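Have a look at the model first.

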Amino acid sequence: MQFNGTKSYIAPDDLTVAVNAAVALERPLLVKGEPGTGKTELARQISDALGLRMIEWHIKSTTKAQQGLYEYDAVSRLRDSQLGDARVNDVKNYIRKGKLWQAFEAEAKTVLLIDEIDKADIEFPNDLLQELDRMEFHVYETGETIKAHQRPIVIITSNNEKELPDAFLRRCFFHYIRFPDMDTMKQIVEVHHPGLKEQLLSTALTQFYEIRDTPGLKKKPSTSEVLDWLKLLLAEDLSPEDLKRDGVNALPKLHGALLKNEQDVHLFERLAFMARNQR
């Protein structure tokens, strides 16, 4: 069971090595990288490439680890008991299966995505240690133990908003997705915008990387944002000459696709002001 990328997902060699190593070790793959570098999409592409069912668990700041296992709806059971509903005699009617339970009970191997784990409370990863390690958990309300029929391929993403516990990291295979270089980015663009004229592509990407390398930039534009920007350039039928910037206007054309906060817009406006004063 080897992952080598897909036609719609350009996976560098080090990324495919990491995926296949995690699969061979039967360890969760912890993927970090800048937002927009394809961490979440990686899990979907692994699912497509290997022909496996995909189960997605998107983490929020309020998400608890228990929700990934199951939730017991005691309130509904109490209400039904007051109404004389016969369903109250079977507690299983009030057990809501979580994403881990769904992955564990699947007869065939699945891909389980735990997306943006760093959004949750700091104790969240530790609360899942045993379940991800042993691939089983206990349901106290029914007394049963849920064991995985097939160990899922677990992909865990993080945007590095907070440090993850060492005990959790020890159980993962780690990979950091580096931001694509120019050549890799051209391959990615070709997948999404095939046949883009070479001169326009080179001019746009050169400008894009110059923007990313601008000192003082608060949020660097990502891969997904440059793809949106190129889509707009094509829609507006802009030429390489239209993209040229000078000291009078340092802001890129259609900059709203690349610069996502007022501080960065003001930064380029200040650079233009300084350039004008130096003339």
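Q: Which residue in S7 is the bridge partner of Glu 136?
A: The partner is Lys 147. Before going on, note that this is a predicted model, where local features need pLDDT of at least 70, side-chain atom pairs count only at pLDDT 80 or more, and totals for chains, interfaces and linings use all residues. Residues are numbered from 1 along each chain as its sequence is written, and side-chain values use heavy atoms, with hydrogens and water left out.

Q: What makes strand S6 and strand S7 a pair?
A: Two strands pair if DSSP finds at least two bridges between them. Strand S6 (residues 136-139) and strand S7 (residues 144-147) are joined by four bridges and run antiparallel, so they meet that definition. The two form a hairpin with four residues between them, and Gly 143 in the turn has a positive phi of about 80°. Strands here are DSSP runs (E, at least two residues), as helices are (H or I, at least four), numbered from the N terminus.

Q: Why are S2 and S9 called edge strands?
A: The open sheet has five strands in the order S2-S5-S8-S1-S9, with parallel pairing. Strand S2 (53-58) and strand S9 (173-177) each pair on one side only. For S2, the pairing with strand S5 (residues 110-115) is parallel and spans six bridges; Arg 53 has Thr 110 as its bridge partner in S5.

Q: How do you know that Glu 56 and Arg 44 form a salt bridge?
A: The definition asks for a side-chain nitrogen of Lys or Arg within 4 Å of a carboxyl oxygen of Asp or Glu. The closest N and O atoms of Glu 56 and Arg 44 are 3.1 Å apart, so the pair qualifies. The whole structure has 15 salt bridges.
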